[in-house]
Amino acid sequence: MKTLWTVVGKELLDNARDRRTLASALLFGPLFGPLLFAVLISVVIQQSVSDIERPVSLPVIGAEHAPNLIGFLDRNGFEVEDWSGDAADARDAVQAGRVDVVLVIDPVFGERFQAGLPARVQLIQDASAQRAARNVNRARGALNAYSAQLRALRLQARGVSPDVLRPVVIDDVDVSTATGRAALLLGMITYFLLAAMLMGGLYLAIDATAGERERGSLEPLLTLPVTRSTLLVGKILATCCYMLLSLVITLVAFAIGLSFVSLEELGMSANFGPQVVGLGFLLMAPFVLLGAALMTLVASFTKTYKEAQTYVGVLIVVPTLPILFAAFLSVKPSALLMAVPSLSQHLLMTALIRNEPVDPGHAAISVVSTLVLGALVTWLATLFYRREGLMG
Amino acid sequence: MIEVDGISKRFGKVEAVRSVSFAAEDGRITGLLGPNGAGKSTTLRVLYTVLKPDGGRARIGGRDVVTDALAVRRSMGAMPHGAGLYPQLTAWENIAYYGRLHGLAGPALARRIDDITQLLNLGEFIDRRTKGFSQGQRTRVALARALVHDPQHVLLDEPTNGLDVMATRALRQLILRLRDQGRCVLLSSHVMQEVAALCDCIVIVAHGQVAASGTPDELRRRYAETDLEEVFVRAISGVGERP
Ligand SMILES: Nc1ncnc2c1ncn2[C@@H]1O[C@H](COP(=O)(O)OP(=O)(O)OP(=O)(O)O)[C@@H](O)[C@H]1O
Ligand SMILES: [Mg+2]
């Protein structure tokens, strides 16, 4: 046991003095993700928020016939302006694409309205113009809302519940735009966390195996009264330490970075406070053993530092595959999926960030299965390390 | 006491060691002498438990190097070819790491490293990181590292590699002292003069086989030569490529 900690301590110290290892563990890995993420998400927010809030200019002919309607439009984000020309001009302008939409209010609008008869308006639009569709829809939506509001008032005045005329209610859930993009971005957080963890341990894992052999320090090491398994487990544990450090830094960087962007504006109740950092650490930490063991196993297969870098570099992509699948197939968390490392961390972490309830049973399955798999790969790596070919 | 009994080792098609037998007594310096590629390093690697022999047995201090490897390693200090230090650690830390893995700790370890620093004259660079050390400096640190736990059996693969005159002399004196303390020293070399000057017993290997062995005087007598170099040349030419 004491020998094990001696090995761990030496690897930690040795690598702490290596600028490259340190930079990748504490700087590039952990900070790259949050930084990129913060930039991406603020771009998304700027785009979508400005889309929603920019008032739509709406030229109107005959505004004086329906002051209440105009007032309603004003309050709902339209810049109502009087159309200078007549209806024919308006048609030409819409067709030419100079304006998106023009509202024409019937001169008898007021009279018919008073009489309780259908009052008419015209929306002049070009249905083939994609670009204009958004503003047309908003105008139509506002008019429908106005109509619905009045309908409800009239029914109530006659003692009828407005719900009678609403046999079906449609709630639009918009996934195409801001919310969808934000959800996708939030899913990327797990990816960045995993990548940062692996990056943090990458150089130590390589240095302790392929590097040690290439430097010629492995052979004298193997003449010491320490089993090869102890040496390897020590190296894996040292790798774990660096990975955990990377994980903490990344989580904190995300928490700080995301406190500057308001995800609520995207309709996401994303939170990344101290509680998420703490719970997230507990959920992600079991992956450290698996990652360290995998990298060490692969690196000890290789003959040189360079070769190891190539293969372990490829390995870093592997944990992202389940996440990609999850994104494409939009899977729901289930007990079975919780047995898949990286995917389970992704699902749990995403739920945590979205402030959705995290099933303790699922969390337990994820932690246990990931740890068991990590132990299994560690064992495999020790078997491999015992093989004579290691010495070449 | 190191007893080697018919060990052999092959790498694919290359028969690096073919049934090598010899014994290295306690209180004696035994030299493995042979041309490049003779199988000296391979023999030593089997003895310091890094390689497993394909055939034959070897015992160090009465313990089998294959079945009782951990016990063998405890009583043994080995310096493989090429120092293999950790460049980011200081010389002191390099030596201390090995000391700790041998179970030394605290003041005992520090005292032991102080002694060996004196002995090998490492004082000048003991607290420097070994990155950029000259070859002689590296060899001396590696030697200190191999001796940190005061082992009964000392196995050195070409220990004078890269050492200057003064360092070579210091090393010789150190090895003689180890012998006088009753240690068993086994070293390899391809330099006849060095082995002749230092070793009590010489094992000449060529093409993976023992060509001749004995004390320098025995060898001179057996080949009726006064010059050991002639003995060496005749001994190794007696062993064919493929006997
Ligand atoms: N790992 C290996 N793989 C393949 N062949 C090897 C290996 N190690 C040694 N050999 C071969 O075995 C033979 C003996 O090598 P060894 O290193 O034991 O020679 P040596 O006596 O130490 O030579 P030198 O004086 O050059 O150090 C050589 O032909 C060498 O090429
Ligand atoms: Mg050699």
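Tutor: Start with burial. A residue counts as buried under 20% relative accessible area, as exposed over 50%, and as partly exposed in between. By that rule, buried residues make up 46% of the 392 residues in chain A. Keep in mind that this is a predicted model.

Student: How do you know how confident the predictor is in chain B?

Tutor: Chain B averages a pLDDT of 92, on a scale from 0 to 100. A score of at least 70 is reached by 98% of its residues. For the model there are two further scores, ipTM 0.93 and pTM 0.79.

Student: Why does pLDDT matter to a reader?

Tutor: Where pLDDT is low, the predicted coordinates should not be read in detail.

Student: What is chain A built from?

Tutor: Its secondary structure comes to 15 helices and four strands. Chain A is divided into domain 1 (2-45 + 180-391) and domain 2 (56-173). The centres of these two domains of chain A, taken over C-alpha atoms, are separated by 56 Å. The accessible surface of chain A is about 19400 Å², and 64% of that belongs to carbon and sulfur atoms.

Student: How do contacts in chain A split by sequence distance?

Tutor: Take the contacts between residues at least 6 apart in sequence. Of these, 76% join residues at least 24 apart.

Student: Why is the Phe109(A) and Phe113(A) pair called stacked?

Tutor: The structure holds eight aromatic pairs over all chains. In this one, the ring centres are 6.1 Å apart and the planes stand at 15°. Pairing needs centres within 6.5 Å, and stacking needs planes under 30 degrees apart.

Student: Is Phe109(A) buried or exposed? What about Phe113(A)?

Tutor: Phe109(A) has 8% relative accessibility, under the 20% limit, so it counts as buried. Phe113(A) has 26%, between the 20% and 50% limits, so it is partly exposed.

Student: Which residues do ring pairs link into a cluster?

Tutor: Tyr191(A), Phe192(A) and Phe254(A).

Student: Now the sheet in chain B. What is the strand order?

Tutor: The order is S2-S1-S4-S5, in an open sheet of four strands with antiparallel pairing. Strand S2 (14-24) and strand S5 (63-64) of chain B each have a single partner strand, so they stand at the edges, and one side of each is left without a neighbour in the sheet.

Student: How do you know that S1 and S2 of chain B pair?

Tutor: Two strands pair with at least two bridges between them. Seven bridges join strand S1 (residues 2-11) of chain B to S2(B), so the two count as paired, and they run antiparallel. One of the bridge partners in S2(B) is Phe22(B), which faces Val4(B) across a bridge.

Student: Why is Leu178(B) called buried?

Tutor: Its relative accessibility is 8%, under the 20% limit, so Leu178(B) is buried. Leu178(B) lies in helix H6 (residues 165-180) of chain B. Leaving aside neighbours within four places in sequence, its contacts are Leu147(B), Val154(B), Arg183(B) and Val185(B). Leu178(B) and Ile29(B) are 149 residues apart in sequence, yet 8.9 Å apart in space, C-alpha to C-alpha.

Student: What makes Asn121(B) worth a look?

Tutor: Asn121(B) has a positive phi of about 60° although it is not a glycine. It is found in the loop between helix H4 (106-120) and helix H5 (135-147) of chain B. With a relative accessible area of 53%, over the 50% limit, Asn121(B) is exposed.

Student: And Glu158(B): buried or exposed?

Tutor: Buried: 13% is under 20%. Glu158(B) also has a positive phi, about 45°, although it is not a glycine. Its place is in the loop between strand S7 (153-157) and H6 of chain B.

Definitions and conventions: Residues numbered from 1 in each chain as written. Chains lettered and ligands numbered in written order. Predicted model: local features only at pLDDT ≥ 70, side-chain atom pairs only at ≥ 80, totals over all residues. Heavy atoms only, no water. Domains from an automatic or database assignment. Buried < 20%, exposed > 50% of the residue type's maximum accessible area, 1.4 Å probe, protein only. Contact = heavy atoms within 4.5 Å. Areas by Shrake-Rupley, 256 points an atom, 1.4 Å probe, with all protein chains shown as cover. Phe/Tyr/Trp six-rings, centres within 6.5 Å; stacked < 30°, edge-to-face > 60°.
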